[in-house]
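Have the sequence and the 3D view open as you read.

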Amino acid sequence: MGVFEPVIELGRGLAETLRSFLFEPTVTIQYPEEKREVRPRYRGRHILHRYEDGLEKCIGCSLCAAACPSDAIFVEASENTDEKRFSPGQRYASTYEINMMRCIYCGFCEDACPTEAITLGDNYELAYTDRRDAIYPKEKLLEPAPSADMSSPRKVEPGVFTRSVPEMKNPKDW
Amino acid sequence: MDWTIWLEWVIKGLVLCLVLLVGFAYLTWYERRALARIQVRVGPNRAGYQGLLQPIADAVKLIFKEELTPSRVYKVAFLLAPVLTVVPSLVLAAVIPLGTSFNLFGRTITLYVANLNVGVLYLTSIASIAVYGIVLAGWSSNNKYAMLGGVRATAQMISYELSLGLCFATAVVMGNSMNLNEIVNAQSAVLFNLNLDFIKIPVSSWNFLIQPVGALVFLIVTLAEVNRAPFDMPEAEQELTAGYHSEYSGMKFALFFMAEYQKMIVISMIAATLFFGGYLQPFSAALPNAAPWLGWLSYLTVQKTPLLGPVYLLLKVIVLLFGMIWIRATWPRIRYDRLMSFGWKILLPLSFAVAFITATGILLAQEFENQLYLYSIPVLSIISALVAVVFIYRDLRRKSHGRI
């Protein structure tokens, strides 16, 4: 039936679209109501982490700012005291700002961080209505303290938190 | 003349225009939803229940959009073109019967705006005016893409209008009148009785049963007339950056958009009127008498409840529109030389054959007073359609072998 082939093919096309119209379930995810899980290595908004005792991991070394290819990170360090201790060791980040308009989510800051203080999380809902809101200060980036008495800054025993970079094993991802 | 007649006309005309405007808005919603569903998406479902307020949101957006007029356009034609495109698509619907008539305040109100005795001629002539708008838009835009779109639209519409006219002629011959009301009335007659063992189902003589090929050709040609896929060469986004309306924005663009969708609606109404029984109910008026347990169906006939006429017409239009959307979702755009050769070398001879076969069959049936001659019409026209299919195949083969 070679003669009728063009017409039959047209009909087969119509049948295919009608089948998907009638029977195929839609693949749409209704975004604000239902959200898809991001991939395990997704690079979203940055998070500044704390140790389990509530002290900040960030020691204000500015290595992330140095590594940042788009110059999105600004860090200003100050001295810790045992009366007002933010992080272990000598210094902490008194100012930590990330400009989300510049950030390209490359993850170099993560790699540069000696204390694993900054990681790229899974939050991608970064819309804002004011350009000033694009600059995320430390308060927005820092993860909440485990409890109120374990927050930073806090008064600690002298001579305990002397080491700014904790002893870490090599990562074993594989 | 009574002032109430004027009032009635004004109200009917206004209602018709409003129906077409709302219909246009909701056709965009319908198309987007159906197209999305075919493509395994959801489509607009945010504004209102199931996205039913989406057309209103779109309208608000289009009204408030900035309207640019490029500096080098020929302003008069540039401003006139959208108007020339929209108005024919609105006034086209005036002669289409939406139903019979009903009594209100002691007056008989007919469900059509005008009852022209040359309704079919009116349709063909008004439908052709719209091409002026398109070609003026393309020319006055001072843009080569728009110009090409306009030229393509003109060539395409002129080519396909011949076949369209012959399909109109076929319907005129079958209805024995140019009045659309009488064409619809002729289709309410019983064509034959379908004999099942427990019931005899009378089948109305809708024209597409007598002339299936004519109806098919009409549907294909209307796709070309309203510049729909697969014949949307004049506004091919990929090659012409939207063709004749590239330079239009804001409300002027909306007018072109409106004209296109209103023409879709109106031409579906015309197709329903000419070939699918117009405002008649989908079953024959004699069906309620066929069996006692079918008596309740008589309340669903337009003869008993005239207000159901527009509803039936609307249902038919929705089905025909779905066909257009379905085809848009399925078939790719046809190449321009093939579009022309399909129009001139296949559709035009086929519609000539269809018109000739129909006229001959009806003439024979009248001369020899034997209804059996009517059956020659579908048989012969299907044979001619098969011949046309063979020619399509030869055409494609010749092109693929590189010979002309």
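Two strands count as paired if DSSP finds at least two bridges between them. Helices (H or I, at least four residues) and strands (E, at least two) are themselves DSSP runs, numbered from the N terminus. This is a predicted model, in which local features need pLDDT of at least 70 and side-chain atom pairs count only at pLDDT 80 or more, while totals for chains, interfaces and linings use all residues. Residues are numbered from 1 along each chain as its sequence is written, chains are lettered from A and ligands numbered from 1 in the order in which they are written, and side-chain values use heavy atoms, with hydrogens and water left out.

**Strand pairing**

Let us begin with chain B. Strand 3 (residues 190-195) and strand 4 (residues 200-204) of chain B are antiparallel and share five bridges. Together they make a hairpin, with four residues between the two strands. Within this pairing, B:N193 faces B:P202 of strand 4 of chain B.

Chain A has an open sheet of three strands in the order 2-3-5, paired antiparallel. Its edges are strand 2 (73-79) and strand 5 (135-136) of chain A, each of which pairs on one side only. Seven bridges connect strand 2 of chain A with strand 3 of chain A, and two bridges connect strand 3 (residues 91-99) of chain A with strand 5 of chain A. Some partners to look for are listed here.

| Residue | Opposite residue | Strand of the opposite residue |
|---|---|---|
| A:E79 | A:R91 | strand 3 of chain A |

**Where the chains meet**

How many residues of chain B are in contact with chain A? There are 19, and they touch 22 residues of chain A, where contact means heavy atoms within 4.5 Å. The area buried between the chains is about 1,900 Å², and carbon and sulfur atoms give 70% of this area. Buried area here is the accessible area (1.4 Å probe) that two parts lose on being put together, summed over both. B:R37, B:V40 and B:W326 supply 31% of what chain B buries against chain A, more than any other three residues.

The interface also holds 12 residue pairs in polar contact, with both residues at pLDDT 80 or more. A polar contact is a pair of N or O atoms within 3.5 Å; within protein, one must be able to donate a hydrogen and the other to accept it, and residues adjacent in sequence count only if both atoms are side-chain atoms. On the chain B side, helix 1 (3-38), helix 12 (308-330) and helix 14 (376-400) of chain B each give two or more residues.

**A salt bridge between chains**

A salt bridge is a side-chain nitrogen of Lys or Arg within 4 Å of a carboxyl oxygen of Asp or Glu. One is found across the interface: A:E33 pairs with B:R46, with the closest N and O atoms 3.0 Å apart. Over all chains, the structure holds 15 salt bridges. A:E33 lies in the loop between helix 1 (5-22) and strand 1 (46-48) of chain A, and B:R46 in the loop between helix 1 and helix 2 (54-64) of chain B, so this pair joins two chains.

**Confidence**

The model scores ipTM 0.73 and pTM 0.80.
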